[in-house]
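Please keep the sequence and the 3D view at hand while reading.

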Amino acid sequence: MAEASLEAKRTQFFAIVNRIFKDPSAEHIAALEALVAELEAGGHMEPRLYRYLRLAYKLSWNLDQAQSSELRAQSQAEDTMPTRLVRLGAATVPRPFSWQVDREGVARQKPLFRTHGPQLIVTTDAHCGYSEVARPAVYALAKAQGWLDAITWLALPNDSLDLKKLERWQQDHPGARYEFVDRVANLGFVETWATPVFAFLRDGVVVEVIHGWPQEGRMAELTQAAAKIGLQSRP
(Lines give C-alpha, C1' and ligand atoms only; values in the text may rest on other atoms or scores of the structure.)
Protein backbone atom coordinates (compact mmCIF):
# COMPACT_ATOMS: atom_id res chain seq x y z
CA MET A 1 0.00 0.00 0.00
CA ALA A 2 1.42 3.39 -1.01
CA GLU A 3 2.26 5.77 1.82
CA ALA A 4 -0.40 8.28 0.74
CA SER A 5 -3.02 5.56 0.63
CA LEU A 6 -1.93 4.24 4.02
CA GLU A 7 -2.17 7.71 5.55
CA ALA A 8 -5.68 8.03 4.11
CA LYS A 9 -6.63 4.73 5.76
CA ARG A 10 -5.26 5.94 9.10
CA THR A 11 -7.25 9.15 8.74
CA GLN A 12 -10.34 7.08 8.01
CA PHE A 13 -9.61 4.90 11.06
CA PHE A 14 -9.51 7.87 13.45
CA ALA A 15 -12.57 9.43 11.83
CA ILE A 16 -14.55 6.26 12.63
CA VAL A 17 -13.16 6.19 16.18
CA ASN A 18 -14.32 9.79 16.66
CA ARG A 19 -17.80 8.81 15.47
CA ILE A 20 -17.79 5.97 18.00
CA PHE A 21 -16.95 8.50 20.74
CA LYS A 22 -20.20 10.30 19.89
CA ASP A 23 -22.29 7.29 18.88
CA PRO A 24 -20.93 3.84 19.89
CA SER A 25 -23.33 1.99 17.60
CA ALA A 26 -22.95 -1.49 16.13
CA GLU A 27 -22.83 0.06 12.65
CA HIS A 28 -19.77 2.16 13.47
CA ILE A 29 -18.05 -0.72 15.23
CA ALA A 30 -18.60 -2.91 12.15
CA ALA A 31 -17.11 -0.22 9.92
CA LEU A 32 -14.06 0.00 12.18
CA GLU A 33 -13.61 -3.78 12.25
CA ALA A 34 -13.78 -3.92 8.44
CA LEU A 35 -11.08 -1.27 8.14
CA VAL A 36 -8.93 -3.05 10.75
CA ALA A 37 -9.20 -6.28 8.73
CA GLU A 38 -8.05 -4.41 5.63
CA LEU A 39 -5.09 -2.87 7.45
CA GLU A 40 -4.16 -6.21 9.02
CA ALA A 41 -4.21 -7.90 5.61
CA GLY A 42 -1.59 -5.42 4.44
CA GLY A 43 0.42 -5.69 7.65
CA HIS A 44 -0.25 -2.05 8.54
CA MET A 45 -1.92 -2.32 11.94
CA GLU A 46 0.24 -1.04 14.79
CA PRO A 47 -0.05 -1.03 18.62
CA ARG A 48 -1.41 2.51 18.70
CA LEU A 49 -4.29 1.58 16.39
CA TYR A 50 -5.01 -1.57 18.39
CA ARG A 51 -5.21 0.56 21.55
CA TYR A 52 -7.86 2.75 19.95
CA LEU A 53 -9.68 -0.37 18.77
CA ARG A 54 -9.77 -1.55 22.40
CA LEU A 55 -11.10 1.85 23.48
CA ALA A 56 -13.83 1.65 20.81
CA TYR A 57 -14.85 -1.76 22.13
CA LYS A 58 -15.02 -0.42 25.68
CA LEU A 59 -17.12 2.57 24.69
CA SER A 60 -19.57 0.30 22.86
CA TRP A 61 -19.67 -2.20 25.75
CA ASN A 62 -18.06 -4.97 23.70
CA LEU A 63 -16.07 -5.86 26.79
CA ASP A 64 -15.18 -9.42 25.83
CA GLN A 65 -13.44 -8.17 22.69
CA ALA A 66 -11.75 -5.34 24.60
CA GLN A 67 -10.40 -7.74 27.20
CA SER A 68 -9.30 -10.50 24.82
CA SER A 69 -5.74 -11.63 25.44
CA GLU A 70 -4.95 -11.40 21.71
CA LEU A 71 -5.99 -7.75 21.44
CA ARG A 72 -4.24 -6.87 24.70
CA ALA A 73 -1.03 -8.36 23.31
CA GLN A 74 -1.45 -6.57 19.97
CA SER A 75 -1.96 -3.22 21.69
CA GLN A 76 1.18 -3.78 23.81
CA ALA A 77 -0.52 -2.03 26.71
CA GLU A 78 -1.54 -3.04 30.16
CA ASP A 79 -5.12 -2.25 31.07
CA THR A 80 -4.70 0.93 33.08
CA MET A 81 -8.37 0.96 34.03
CA PRO A 82 -9.19 -0.96 37.22
CA THR A 83 -10.17 -4.46 36.06
CA ARG A 84 -13.31 -4.43 38.16
CA LEU A 85 -14.31 -1.17 36.50
CA VAL A 86 -14.24 -2.80 33.08
CA ARG A 87 -15.88 -6.06 34.07
CA LEU A 88 -18.88 -4.79 36.03
CA GLY A 89 -20.95 -4.87 32.86
CA ALA A 90 -24.48 -3.56 32.43
CA ALA A 91 -25.69 -0.38 34.07
CA THR A 92 -27.58 -0.61 37.34
CA VAL A 93 -28.41 3.10 37.46
CA PRO A 94 -29.90 5.29 34.70
CA ARG A 95 -27.51 6.82 32.19
CA PRO A 96 -25.61 9.00 32.13
CA PHE A 97 -23.69 7.57 35.05
CA SER A 98 -20.11 7.49 36.20
CA TRP A 99 -17.88 4.99 37.97
CA GLN A 100 -16.31 5.96 41.28
CA VAL A 101 -13.42 3.89 42.58
CA ASP A 102 -13.16 3.78 46.37
CA ARG A 103 -9.92 3.60 48.35
CA GLU A 104 -9.98 -0.21 48.20
CA GLY A 105 -10.14 -0.13 44.40
CA VAL A 106 -13.78 -1.21 44.09
CA ALA A 107 -15.72 0.58 41.33
CA ARG A 108 -19.34 1.55 41.83
CA GLN A 109 -21.85 3.14 39.50
CA LYS A 110 -23.49 6.43 40.44
CA PRO A 111 -25.63 8.98 38.59
CA LEU A 112 -23.40 11.56 36.95
CA PHE A 113 -25.80 14.49 37.27
CA ARG A 114 -27.01 15.68 40.65
CA THR A 115 -30.77 16.14 40.49
CA HIS A 116 -30.81 18.76 43.24
CA GLY A 117 -28.62 21.78 43.73
CA PRO A 118 -25.52 23.16 41.99
CA GLN A 119 -22.80 21.05 40.38
CA LEU A 120 -19.59 21.79 38.51
CA ILE A 121 -18.23 18.99 36.29
CA VAL A 122 -14.52 19.33 35.49
CA THR A 123 -13.11 17.02 32.79
CA THR A 124 -9.52 15.92 32.33
CA ASP A 125 -7.50 13.89 29.85
CA ALA A 126 -4.28 11.98 30.43
CA HIS A 127 -2.50 13.80 27.59
CA CYS A 128 -3.79 17.30 28.39
CA GLY A 129 -1.17 19.58 29.93
CA TYR A 130 -3.80 22.28 30.37
CA SER A 131 -5.72 19.96 32.69
CA GLU A 132 -2.62 19.57 34.84
CA VAL A 133 -2.51 23.34 35.29
CA ALA A 134 -6.27 23.87 35.64
CA ARG A 135 -6.97 21.22 38.29
CA PRO A 136 -5.04 22.73 41.22
CA ALA A 137 -6.22 26.25 40.33
CA VAL A 138 -9.88 25.23 40.32
CA TYR A 139 -9.38 23.19 43.48
CA ALA A 140 -7.87 26.18 45.27
CA LEU A 141 -10.68 28.47 44.09
CA ALA A 142 -13.43 26.10 45.19
CA LYS A 143 -11.74 25.38 48.53
CA ALA A 144 -11.27 29.08 49.26
CA GLN A 145 -14.90 29.85 48.42
CA GLY A 146 -16.27 26.83 50.27
CA TRP A 147 -17.92 24.82 47.46
CA LEU A 148 -15.37 22.08 46.83
CA ASP A 149 -18.05 19.46 47.50
CA ALA A 150 -20.03 20.70 44.47
CA ILE A 151 -17.34 19.58 41.99
CA THR A 152 -17.40 16.30 40.06
CA TRP A 153 -13.90 15.53 38.76
CA LEU A 154 -14.38 13.44 35.61
CA ALA A 155 -11.84 11.42 33.61
CA LEU A 156 -12.05 9.46 30.38
CA PRO A 157 -11.18 5.79 31.01
CA ASN A 158 -8.88 4.68 28.21
CA ASP A 159 -5.59 2.85 27.91
CA SER A 160 -3.57 6.05 28.27
CA LEU A 161 -5.17 7.00 31.59
CA ASP A 162 -2.50 7.30 34.27
CA LEU A 163 -4.26 5.97 37.36
CA LYS A 164 -1.17 6.48 39.51
CA LYS A 165 -1.21 10.17 38.64
CA LEU A 166 -4.88 10.43 39.61
CA GLU A 167 -4.20 8.51 42.83
CA ARG A 168 -1.47 10.99 43.74
CA TRP A 169 -3.86 13.85 42.99
CA GLN A 170 -6.50 12.33 45.24
CA GLN A 171 -4.00 11.78 48.05
CA ASP A 172 -2.82 15.39 47.85
CA HIS A 173 -6.33 16.84 47.47
CA PRO A 174 -8.76 15.32 50.00
CA GLY A 175 -12.38 15.49 48.92
CA ALA A 176 -11.53 15.59 45.21
CA ARG A 177 -11.87 11.96 44.12
CA TYR A 178 -12.07 11.21 40.42
CA GLU A 179 -14.97 9.56 38.68
CA PHE A 180 -14.83 7.88 35.27
CA VAL A 181 -17.32 8.71 32.56
CA ASP A 182 -19.57 5.88 31.39
CA ARG A 183 -19.92 6.86 27.72
CA VAL A 184 -18.62 9.92 25.96
CA ALA A 185 -21.77 9.95 23.80
CA ASN A 186 -23.82 10.82 26.89
CA LEU A 187 -22.00 14.09 27.44
CA GLY A 188 -23.27 16.57 24.90
CA PHE A 189 -21.44 19.46 26.57
CA VAL A 190 -18.01 17.85 26.01
CA GLU A 191 -16.86 18.58 22.46
CA THR A 192 -13.30 17.38 23.05
CA TRP A 193 -11.25 15.79 25.83
CA ALA A 194 -8.11 17.49 24.57
CA THR A 195 -8.74 20.51 26.79
CA PRO A 196 -10.45 21.03 30.17
CA VAL A 197 -14.21 21.52 30.13
CA PHE A 198 -16.14 23.15 32.97
CA ALA A 199 -19.87 22.42 32.96
CA PHE A 200 -22.03 24.29 35.47
CA LEU A 201 -25.33 22.58 36.27
CA ARG A 202 -28.30 23.36 38.48
CA ASP A 203 -30.70 20.54 39.42
CA GLY A 204 -29.17 18.35 36.70
CA VAL A 205 -29.57 20.96 33.92
CA VAL A 206 -26.55 22.49 32.16
CA VAL A 207 -26.54 26.26 32.70
CA GLU A 208 -23.16 27.23 31.29
CA VAL A 209 -20.11 25.51 29.76
CA ILE A 210 -16.58 26.94 29.63
CA HIS A 211 -13.99 25.30 27.36
CA GLY A 212 -10.23 25.47 27.66
CA TRP A 213 -7.63 26.94 30.00
CA PRO A 214 -5.60 29.87 28.63
CA GLN A 215 -2.28 30.89 30.10
CA GLU A 216 -3.91 33.54 32.29
CA GLY A 217 -6.50 31.08 33.59
CA ARG A 218 -10.24 31.59 33.87
CA MET A 219 -10.76 32.40 37.52
CA ALA A 220 -13.09 35.36 36.94
CA GLU A 221 -15.20 33.44 34.43
CA LEU A 222 -15.44 30.41 36.71
CA THR A 223 -16.45 32.57 39.67
CA GLN A 224 -19.17 34.30 37.64
CA ALA A 225 -20.50 31.00 36.26
CA ALA A 226 -20.46 29.47 39.74
CA ALA A 227 -22.57 32.36 41.02
CA LYS A 228 -25.15 31.70 38.27
CA ILE A 229 -25.87 28.25 39.72
CA GLY A 230 -25.83 29.41 43.31
CA LEU A 231 -22.23 28.67 44.28
CA GLN A 232 -21.43 31.75 46.27
CA SER A 233 -18.41 32.22 48.47
CA ARG A 234 -19.06 30.69 51.87
CA PRO A 235 -17.40 31.77 55.11
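## Basis of the model

The model is predicted: local features need pLDDT of at least 70, side-chain atom pairs count only at pLDDT 80 or more, and totals for chains, interfaces and linings use all residues. Residues are numbered from 1 along each chain as its sequence is written, and side-chain values use heavy atoms, with hydrogens and water left out.

## Nonpolar cores

A nonpolar core is a set of buried Ala, Val, Leu, Ile, Met, Phe, Trp, Tyr and Cys residues joined through side-chain atoms within 4.5 Å. Buried denotes under 20% relative accessible area, exposed over 50%, and partly exposed the range in between (1.4 Å probe, protein chains only). The largest core comprises 33 residues, of which Phe13, Leu32 and Leu187 touch the most other members. At least two residues each are supplied by α1 (3–22), α2 (26–41), α3 (47–59) and β6 (197–202); helices (H or I, at least four residues) and strands (E, at least two) are DSSP runs numbered from the N terminus. Helix α3 gives the largest share, seven residues.

Beyond its neighbours within four places in sequence, Leu32 is in contact with Phe13, Ile16, Val17, Ile20, Leu53 and Ala56, contact being heavy atoms within 4.5 Å. Another core, of 29 residues, lies apart from the largest one and includes Val122, Ala134, Ala176 and Tyr178.

## Helix α9

Helix α9 (residues 219–228) has Leu222, Ala225 and Ala226 buried. Seen down the axis, the buried residues of α9 fall within an arc of 105°, so they line one face of the helix; the arc is that of the directions from the helix axis to the C-beta atoms. Their cover includes α7 (129–145), β6 and β7 (205–211).

On the other side of α9, Ala220, Gln224 and Lys228 are exposed. Just after the helix, Gly230 takes a positive phi of about 95°.

## Aromatic pairs

The structure holds four aromatic pairs. Rings of Phe, Tyr and Trp (its six-membered ring) pair if their centres lie within 6.5 Å; planes under 30 degrees apart count as stacked, over 60 as edge-to-face and the rest as tilted. The rings of Phe113 and Phe189 have centres 6.4 Å apart and planes at 45°, so this pair is tilted. Phe113 is partly exposed at 22% relative accessibility, whereas Phe189 is buried at 10%.

Phe198 and Trp213 also form a tilted pair, 5.8 Å centre to centre with 50° between the planes. Both Phe198 and Trp213 are buried. Elsewhere, ring pairs link Phe13, Phe14 and Tyr52 into a cluster.
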